[in-house]
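I opened my notebook to write down what I looked up, beginning with the overall make-up and then going on to single elements.

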Number of protein chains: 2
Amino acid sequence: MTTAEAFQRARRPEQKQQRQAAILGAARELALRDGVRNVSLADIAARIGIHKSALLRYFETREQIFLELTAAAWRDWARALHAGLDAAAPGSAAVVADVFARSFGDRPLFCDLLAHTPLNLERNVSPEAVRRYKLTSLGVVDEAAALVQRTLSTLTLAEAREFVATLASLAGSLWQIANPAPALAELYVSDPALAQACVDLTPRLRRTAEILLAGLIPSRNQGQGDQGQSSCRVQADPVRR
Amino acid sequence: MTTAEAFQRARRPEQKQQRQAAILGAARELALRDGVRNVSLADIAARIGIHKSALLRYFETREQIFLELTAAAWRDWARALHAGLDAAAPGSAAVVADVFARSFGDRPLFCDLLAHTPLNLERNVSPEAVRRYKLTSLGVVDEAAALVQRTLSTLTLAEAREFVATLASLAGSLWQIANPAPALAELYVSDPALAQACVDLTPRLRRTAEILLAGLIPSRNQGQGDQGQSSCRVQADPVRR
């Protein structure tokens, strides 16, 4: 069902679903190979052998295709956390840090997408598409926070959510640094003064996770004066923490 | 010196510098107003009243212009840290967290640029331009780490550098989340289920800085098995921590 002819013939709902799946599959393969930034709508269309106008019958924009992949990647990531933590002995911050670090380190496309989401993907789709995406990502962050709190019961759920959200943001930006463009990678190798600019993603995330988990409780009750200061464009919900 | 005629006449080194400064100034104004992602080479050229081919006599690419602005923003940021920490009483993590959070929160263009740097800016410039940029940013991170360590002398310099680098990465990605596209901002206001997706940049960075500073020492000596695992494309330097 991934040929141009099959695309032209499809009529029924299950055929449309197959087409959507084929488009998402092609986008995923290309993004894994070339990086999200380098994959255009025309590339995805060419991969399936159709014209890009045909793609736009199934997705609003290039960005919506990648936003759908990001939502799927969040759900896949949640399954990895369950696999790593459902049977974990309670109380071990080291296990939580390791499971989280590997859950990102093993998922290069998820990390790449995480950096592109607020920067690009959420900005060129309909409000309904971004709303659906946000409900997925927020739901998974809550699910992950509940898993953390079940293992580390001295944390509050809000603290566990802070840990999850911070590490996910970092995974996106650190992955970009850990995967430099070829010219930059060569520079790192040839110039010892620049070597420290490169990052080993999984060990770095593990170390940061350990630091965050060790610091959440001792830093409680600091910064009480924060509530009134909002730099967000949207009026802050005073009880959302 | 920002008119088309002035650009056409310039010959001497100081005139070239004036032109470069005018280009950087125009790029800075537009990026502050519209966001880095929305400013093209043609926009910058139009702002100064010249053709974009004239711009390319002074800078390699659009990305090099923004990389130069990022380097300048790092240096400006270092001055803000000195202003906040040079006279700080030793030992106060709360002061360090507050100075760092405000140093980012007060510099929206710096935060915006930080997210674009590994994702876009470092990927479309010459090796020499990216090398020059990296030496600036690494130098400022080291300078900031030394300031942190002078105030919090129980930290090692490597730990202080970890704090600085982590917070700078987060500032870039959190700024993007804290400054959503207009359609997304409306959605946050209209849909209570999405309100928690928004971020207040300065308070969030302050809180994360407090957590990191509280966790660095207690988490020492964890994760000893990390050294052998590298996901970076460049061979890790075993002593670079």
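I first looked up the secondary structure of chain A, which comes to eleven helices and zero strands (DSSP runs numbered from the N terminus, H or I of at least four residues for helices, E of at least two for strands). I noted that this is a predicted model, in which local features need pLDDT of at least 70 and side-chain atom pairs count only at pLDDT 80 or more, while totals for chains, interfaces and linings use all residues. Residues are numbered from 1 along each chain as its sequence is written, chains are lettered from A, and side-chain values use heavy atoms, without hydrogens and water.

Next I checked burial: of the 241 residues of chain A, 54% count as buried (under 20% relative accessible area with a 1.4 Å probe, protein chains only).

I then turned to a helix pair in chain A, where helix 7 (residues 108-119) and helix 9 (residues 157-178) pack at about 100 degrees with axes 7 Å apart (lines fitted to C-alpha atoms over the stretch in contact, with angles from 0 to 180 degrees between N-to-C directions). The two helices of chain A are therefore roughly perpendicular, a term that covers 65 to 115 degrees. Among the residues making this contact (heavy atoms within 4.5 Å) I listed Pro108(A) and Cys111(A) of helix 7 and Ala168(A) and Trp175(A) of helix 9.

Last, I looked up Phe100(A), which touches Trp77(A), Leu81(A) and Phe163(A), among others, not counting residues up to four places away in sequence.

Notes. Buried means under 20% relative accessible area, exposed over 50%, partly exposed in between (1.4 Å probe, protein chains only). Angles under 35 degrees count as roughly parallel, over 145 as roughly antiparallel, 65 to 115 as roughly perpendicular and the rest as oblique.
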